[in-house]
Amino acid sequence: MDTLEQLVHYVTQNGGYIWVQFYRHFLMAAYGVLFAAIISIPLGILIAKYGKLSSWVLALGSIIQTIPALGAMAVIMIVLGLGTNTVIITLMLYSILPIVQNTYVGMKDVDKTIIEAGFASGMTRFQLLRMVELPLAISVIMAGIRTALVIGIGIAAIGAFVGAGGLGSIILTGTNATDGTAIILAGAIPTALMAIIADLIMGWIERKLQPIKTSKSRTA
Amino acid sequence: MLKKIVYKGIMIVLLLVALAGCSLPGLASTTKDTIKIGALATSESRIFAEILAIMIERETDASTELVTHLGSSIVQHQGMLRGDLDITSTRYTGTDLSGALGMDPVTDPEEALDIVTKEFQDQFNETWTAPYGFENSYSVAVTTEFAEEHNIETISDLEPFADELHFGVDNSWVNRKGDGYDGFQESYFSFGHVFPMNIGLVYQAAATGHMDAVLAYSSDGRIKEFDLKVLEDDQRFFPPYDASAVIDNKVLEKYPEIAAITERLHDQISTETMQELNYKADVQLMNPQKVAMEFLEANNFFEDMEKGEN
């Protein structure tokens with residue numbers, strides 16, 4: 001059997017199993033990014049307002065990013081034990097930097113004159129944030145979430161090592177088989193597809209949220 | 001400003017605590033009655049986890065959840081201690097003797113089994129079940145053709161040829177203390193040419209004639225695939241790696257039926273049978289669950305069970 005034939009054979013035999021792992025994989029990545037967003041967006045807004053903090057927070061985020069994901073996962077496993085929660089927390093840590101950074105940049109990029117105009121028309125600080133700054137920054141923030149999700153889908157693949165399942169477990173099965181290339185592909189191709197699809201969908205949402213609509217000259 | 005940071009820190013800690021305590025919708029269906037079965041990334045470990053899961057679901061009212069692809073025996077052990085796992089499907093006497101218990105290797109299989117059974121009961125309140133019957137130990141294999149030609153049955157029979165033989169071994173084995181190549185040379189003899197390589201390659205290397213003898217894992221399905229012959233360890237140099245399940249005593253108290261299940265599996269799977277099951281999963285790419293189901297049906301485990309109930 002050549003690899004392609006084996007791949008088809010494996011997928012037809014284990015279609016249900018692959019789908020279950022696909023769903024599980026996606027949920028892990030999505031939860032990780034969701035929790036990261038809950039923490040990071042307010043944090044990003046905060047450091048945009050209080051500039052002094054920004055270098056510290058961004059540096060800390062970058063430091064987390066340099067730790068190998070497998071190592072971080074192993075340490076978190078000591079506290080949280082085996083299973084999906086460990087993976088979700090690891091993903092959350094790795095998603096903090098892209099989201100904080102983009103929130104920070106998005107907030108900083110808002111034209112000062114618009115804020116002043118809002119302020120002059122009697123808006124409170126919270127109103128300014130909600131009605132002026134956030135809507136203008138949202139597409140940049142979404143770009144950060146998009147990056148985080150794509151990275152997260154990749155990292156979730158190593159979650160199999162801590163018993164969390166996901167498509168990584170199919171890849172691991174393949175590395176253990178004699179000629180497991182087909183099984184590895186059966187795990188790796190859906191992972192890549194998921195990342196591409198997530199990227200496309202998030203990109204579409206990002207464009208929808210763009211505050212300044214593109215001019216009529218662009219046909220698309 | 002500082003207050004906000006402190007507040008945020010507290011929030012993060014709270015979130016972590018909340019997360020550690022519960023599971024998220026869609027991810028885990030862990031209830032109190034779910035028995036969590038841990039397995040390594042190897043096919044044989046998966047197959048036994050599936051066998052146990054199928055039997056437990058049939059015999060008891062508990063549901064099961066598999067936690068597969070755990071990195072090593074130590075991860076399994078830690079998972080059991082933490083309560084993340086209730087059962088681990090395959091544990092090997094030799095591995096846990098030196099790993100979990102931190103003792104010196106013992107070459108007598110029964111003595112090794114006695115020690116782990118007793119120590120796991122005393123130290124960890126876990127039951128080491130009666131062995132399945134197969135072992136996954138280091139062994140020396142040659143092609144069947146070569147063995148028949150020179151009438152070789154034991155490792156000692158290889159000695160007259162040793163100087164000219166090419167010996168393919170697992171990278172990690174060469175420098176292993178105790179049961180590694182240094183120890184092997186003391187008990188047996190030296191091979192003329194030793195080639196350390198990835199364990200996945202040795203079987204094929206032997207089959208294609210690149211290697212004359214290889215260090216293999218005795219229950220590996222590739223031994224069957226490539227028509228290799230495992231030689232008898234006549235000097236009893238390699239420590240035993242008999243496979244058993246390990247079960248948390250709390251689970252056994254709650255579901256005494258599980259003890260009957262593992263008792264029924266005792267000595268039912270020979271090393272040759274395990275090679276066949278591994279072959280199905282590793283080479284024919286069958287799903288471990290299907291392999292487990294086929295095995296149980298073919299060996300009438302369900303029928304016996306129904307007879308027992310009546």
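How many residues does the contact take from chain A and from chain B? The contact takes 32 residues from chain A and 31 residues from chain B, where two residues are in contact if their C-beta atoms, placed from the backbone, lie within 7 Å.

This is a predicted model, in which local features need pLDDT of at least 70 and side-chain atom pairs count only at pLDDT 80 or more, while totals for chains, interfaces and linings use all residues. Residues are numbered from 1 along each chain as its sequence is written, and chains are lettered from A and ligands numbered from 1 in the order in which they are written. The predictor gives the complex an ipTM of 0.75 and a pTM of 0.81. Chain B averages a pLDDT (the predictor's confidence in each residue, from 0 to 100) of 85, and 88% of its residues score at least 70.

On the side of chain A that touches chain B, the elements giving two or more residues are α1 (3-49), α4 (84-109), α7 (167-176) and α8 (181-208) of chain A. Helices (H or I, at least four residues) and strands (E, at least two) are DSSP runs, numbered from the N terminus. α1(A) gives the most, with 13 residues.

| Class on the side of chain A that touches chain B | Residues |
|---|---|
| nonpolar (Ala, Val, Leu, Ile, Met, Phe, Trp, Tyr, Cys, Pro) | 19 residues |
| polar (the others, Gly among them) | twelve residues |
| charged (Asp, Glu, Lys, Arg) | one residue |

Chain B holds an open sheet of five strands in the order β7-β6-β8-β5-β9, with mixed pairing; two strands pair if DSSP finds at least two bridges between them. β7 (193-197) and β9 (228-230) of chain B stand at the edges with a single partner strand each, so one side of each has no neighbour in the sheet. β6 (residues 166-170) of chain B pairs with β7(B) in the parallel sense over five bridges, and H166(B) stands opposite H193(B) in β7(B).
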